[in-house]
Every structure is written in C-alpha cells, then in structure tokens.
Amino acid sequence: MKKNLILLAILGVLVQLGLSQSLVRLPLSLDNQNNYHIVFMAKDHCLALVNYTERKTMQFDNSKAYLLEGQIDKKNREYFAVHVLGAKDKKSIAQLDFSNCGVVLDQFENIVIVKSSVNQIQAHTPVPVQVEKISFSRLSAVAQSLTLTPKQKPVREDPQIRAMIDKVSADTCARMLRDLCGMYNRNARNEQWNDGCLVPYLKAKFEAYCDSVYLQPIPRFEAPNVIGIKIGKKYPNKKAFCLVGAHIDNIRNDDRTGAHRHHGAYDNGCGDVCFLEAARVMKDHDFENTVVFIGFNVEEHGIIGSKVFVDWMKEEGYKVIGGALTHDMLGIAPGNATSIAHTICTQNDGGEEFARQMEALGREYGYLVKVSRSTSTSLPTDTKHFWQNNIVASCGKGGKGGGQYHTAADSITDIFDSTWLANSIIPDVATLAHYAVPIASPIINGNVKHGMQALVTTREIAPNVFRIRFESTKMTKEISARIYTAKGTLVNTIPLVYTEQSFYEGEWNSKHSKQRSSGAGMYLITINTEQGSVISKVVLRY
C-alpha cells in the first residue's frame, strides 16, 4: 500500500512537471522557434511557453534563450508587456525603475515584462507607456513576424529620420498650441479671426518651413485651406506627394467676455500642432518626394475644406504616397497615457499595407502606434473624403479630452500635456519622412565619385555631449572626425569606430584635445574621405 502511494506521488509529480509551463524569451533568429508556443512578438524577440521537456533542452543565456519564470500562474496572475514610449535603446530602459509597477520579469528592446495589473502599472509608471496584456493564446511566429507585405521594404532606422525625431520639442508644441488657443475665434464664419488672424499665422509658419505656400479658396467662405509645400528634389514634377494635415477651424464663439470661450485645444488645436511641428523639424532636410502640409478649413460647417482639396486631387490626377496622415481631436493625455492611436480604412487599396508600415515604423523608432482597422468609409471628419475616394488615410485620434470638445472646457489649461502631444507627433514624422525618402547630405569641398553616398549626423546625448555618426556605402578602414571652430581653428580629433551596416560612431564631450572645455558657440564637424569631405555643425550652450 505504502509502495503504491509512493508510486502515485511520483506519478503526480511527473504529471505536474509535464503540465507545468515556463515563460521564456527567444530571439526571432532562432531556427526552430516555430516549434514553440509563441504568445508575444516584438521586433527582434518573442515570448514562448515551454513545457518541462522543452525547457531541459534549452541553453539559457541572453543570445539563445532567457528564462523569465519557471512556472507561470495564468489563473491567479496577469502578465503584461509594457512598451516604453520614446525609449531609443536598451540602455535608456535599464535606467528606469519599474519596480513599483509589479514584479519585473524581463527588460528588452523598449519593453518591460511585468506581473501586475493595469491600474498598478498606470499608477506607478515613471514614463509614458502602452500596456499590452499577454493572453497566452498561441501565435504563429512566422505570421506575426512578417509585418510587411511583399510590396513593403523592411524598416531600418534612418539617421536623418532619427535626427528629425530628436528635434520634436514639447516646448515648441506648447507654444504653438497657446498661439492657436489665444486667438479669440478660429471659426470659419468669423473673417476677422479666421481669415484675418489664423490664416496669416499658418501662412507665416509655412513660409519659414516650406518652399511655397498656397491658399486654396473654399466656395462661400472667406476661409481658405492653407497649404505648405516642400518640393521633392528628385521628383519635383511627380503627380504624387506625402501629406499630413488637420482641420484648423473651431466652433462658433459668441462670448467676447472670455468666460465661455471655446479655445479648441482638443478640437482641433492639437491636430494643427502636429502638421506644424512636422514641418518645422523637416525643414532643414531634403527629400526625393514632395511633402504637403495642409490646414483644412471649414470642417465645423460640413467638412468642406477637405472635400475641396480631395476633389482637386481627383480632377488634377494627384496621388498620395503611402497614405495621408490626418488628425482630429488627437487628444491631450496625462503622463501615463498608453496609446498613440490611428484609424485606417482597410477597404481602401493599400490600407492594410500602410497600417502595417506605420506599426513597423513605430517599433523601429521606439514609439508604439496602435492602428485600428476600419471596414467603413464613414467618419465625421476630414479623413472620410479620402476614404470615400479610395485614398489611403489615417486618422490620429484619442487620449483625454473627448467629453470637452465643443465646450468651453476645451482649453489648454484643463487638458493639456505637451509631452504627450510631442510623443504623438513622432510617429507622424517617422511615417512622413519614410515615404518622402530623405536625401543624404551632399559631399562638399571634394569631388564626388560615382556611387558614393555619405551622411554625417550628430545627436546631443547629454548636455554638450554629442554622438557623431557617419554612414558611407564605401568601406573605410580608419576614419575620424575633426572638430573646428567657426573661424577654422582645429579643436579636437575624434576617432570613429565601425559598428555595423556601414556606420561609424564616436562621441565628442565638447572638450579640446588638451581636455580644456570649449566655449559656447557653433562648431564644425568635418570627416575627410577619399571621395571628399562631409561637414555637419553643432552648437554648444552653457
């Protein structure tokens, strides 16, 4: 009897071991990943449930497999993938403390895996995040990892696009939104403020950021569409362009006392800031394709301005490259916001392709984009005219503020968060620049040989500390960056180390070669190659 009980106990243990499941992280490069029960996919990694037998065959280290938890408790605990919005690398995540959010199991890419609850994560997260619950239902590793259709090119970080993203400023966004909300009335029927104040304001911005400006008349209204055009350097005459826009008018405001003013921060000042800030950060870069920044007028009186524009596109035979980025009531979220939301109609030809590309770009540049697929072409905003004419377009929408629109509570003071707004603009910049195709900075002070392309970018990674990154299609054994003052005095020489995929990197701490601090002002960074010299500039501030 005792022997039988012992055998039953051993059998029970063996059954338990066979039924128990462990949670592991695997690299997507692993040849046999499809043999496992994949429950979560990231850019370069996946999470899988493995049984006791599978676990015994694994080698656990960061390059092959990493054990998150020996025995998961799906019944009593919830598991979440916390996507850190704005994280550019693993190092930046490692510096953040998520211990108050729950039990931290793993950190990789821009993701933290925790056992917790949504409320606890949102209450204690140190930075803006998007929270995704891990359901443990099986995914197809191959299907999930192939986020691009055959027509799409794989996304690899472009140094120029990264440089544009790094220029997006929460302070600038706040200043622009205050300018817009400070206008007494942006209603399309108020000529004094719409045509007399709002339109000149946008026109001046576009004149500073773009190559040309066009005021497109709208019948029966003295309130035109305001269009800024950045002409493509490679295809200036192509009847296709990239586009970002939002409606610029707000509802009627008859209260001159200011007590019940409709500032229109949520509807739609935030949307306007999106295309203005995108134009600003892209102004110093050249692109193959033309980029159009547009403020649609007369939306609050029948969504007329966007219809006028789309009708003009059809009549003239113009196309949108990729998809149009539009915004209406984008939202002003608190610091623990968890979504940068866009909606795309997949009934339009190319809609699903554009949705996947936006998601892939968001992952590559560290800002998770949540794309909702719609099968309807009806939406009470400018986006609908694109959808109803089979033109791919996204509508950026979401966040706090939904109950305040069209009321006096729609103000900058009540619901505004400049960091959230800036983070919402970054996916736009990445998507817009990706389809516009940045042109590498020209090589100057030298003869450019056929087939040679080079690009140098600088990024301030700490106060007055700059990372220098040089990209060249020609392999060079030794390369260095020379730092000069604006008057041509040599300050320092920084060796650049080859990293991967034709990139060379180094850092300058703003000091002279003798470790003396350099003074405030502009400095030139010059990289000499056999094909010529590439020059960039940085500004030291003290």
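Buried means under 20% relative accessible area, exposed means over 50%, and partly exposed lies in between, for a 1.4 Å probe and protein chains only. By this scale I93 counts as buried, because its relative accessibility is 1%. I93 is found in helix α3, residues 90–94. Helices here are DSSP runs of H or I with at least four residues, strands are runs of E with at least two, and both are numbered from the N terminus. The C-alpha atoms of I93 and E109 are 8.2 Å apart in space, and the two residues are 16 apart in sequence.

The model is predicted: local features need pLDDT of at least 70, side-chain atom pairs count only at pLDDT 80 or more, and totals for chains, interfaces and linings use all residues. Residues are numbered from 1 along each chain as its sequence is written, and side-chain values use heavy atoms, with hydrogens and water left out.

The protein has 14 helices and 24 strands. It has 542 residues, and buried residues make up 51% of them. Contact means heavy atoms within 4.5 Å. Among contacts in the protein with a separation of 6 or more, 71% join residues 24 or more positions apart.

Helix packing comes next. Two packed helices are described by the angle between their axes and the distance between the axes. Axes are lines fitted to C-alpha atoms, for helices over the stretch in contact, and angles run from 0 to 180 degrees between N-to-C directions. Angles under 35 degrees count as roughly parallel, over 145 as roughly antiparallel, 65 to 115 as roughly perpendicular, and the rest as oblique.

Helix α9 spans residues 265–282, and helix α14 spans residues 418–436. Their axes are 9 Å apart, at an angle of about 55°. The two helices are therefore oblique to each other. Their crossing is right-handed. A crossing is right-handed if the near helix is turned clockwise from the far one by less than a right angle, and left-handed if anticlockwise. On the α9 side, the contact is made by C270, V273, C274, E277, A278, V281 and M282. On the α14 side, L421, I425, D428, V429, L432 and A433 take part. These residues divide into eleven nonpolar, no polar and two charged. Here Ala, Val, Leu, Ile, Met, Phe, Trp, Tyr, Cys and Pro count as nonpolar, Asp, Glu, Lys and Arg as charged, and the others, Gly among them, as polar.

Helix α9 also packs with helix α7, residues 170–181, at an angle of about 130° and with axes 9 Å apart. That makes α7 oblique to α9. The crossing of α7 and α9 is right-handed. From α7, the residues T172, C173, M176, L177, L180 and C181 meet A265, G269, C270, D272, V273, L276, E277 and R280 of α9. This contact divides into nine nonpolar, two polar and three charged residues.

Backbone geometry was then examined. Most residues other than glycine have a negative phi, and most peptide bonds are trans. A cis peptide bond joins D267 and N268, with omega about 10°. N268 is found in helix α9. R220 has a positive phi, near 75°, and is not a glycine. R220 lies in the loop between β9 (212–218) and β10 (221–230). It counts as exposed because its relative accessibility is 68%. N390, also not a glycine, has a positive phi of about 55°. N390 sits in the loop between α12 (383–387) and β17 (393–396). At 39% relative accessibility, N390 counts as partly exposed.

Three further residues complete the account. R186 is found in the loop between α7 and α8 (194–209). R186 is buried, with a relative accessible area of 1%. The C-alpha atoms of R186 and A223 are separated by 9.8 Å, and the residues are 37 apart along the chain. G196 has its place in helix α8. G196 is partly exposed, with a relative accessible area of 48%. R516 lies in the loop between β22 (503–508) and β23 (521–529). Not counting residues up to four places away in sequence, R516 touches S510 and K511.
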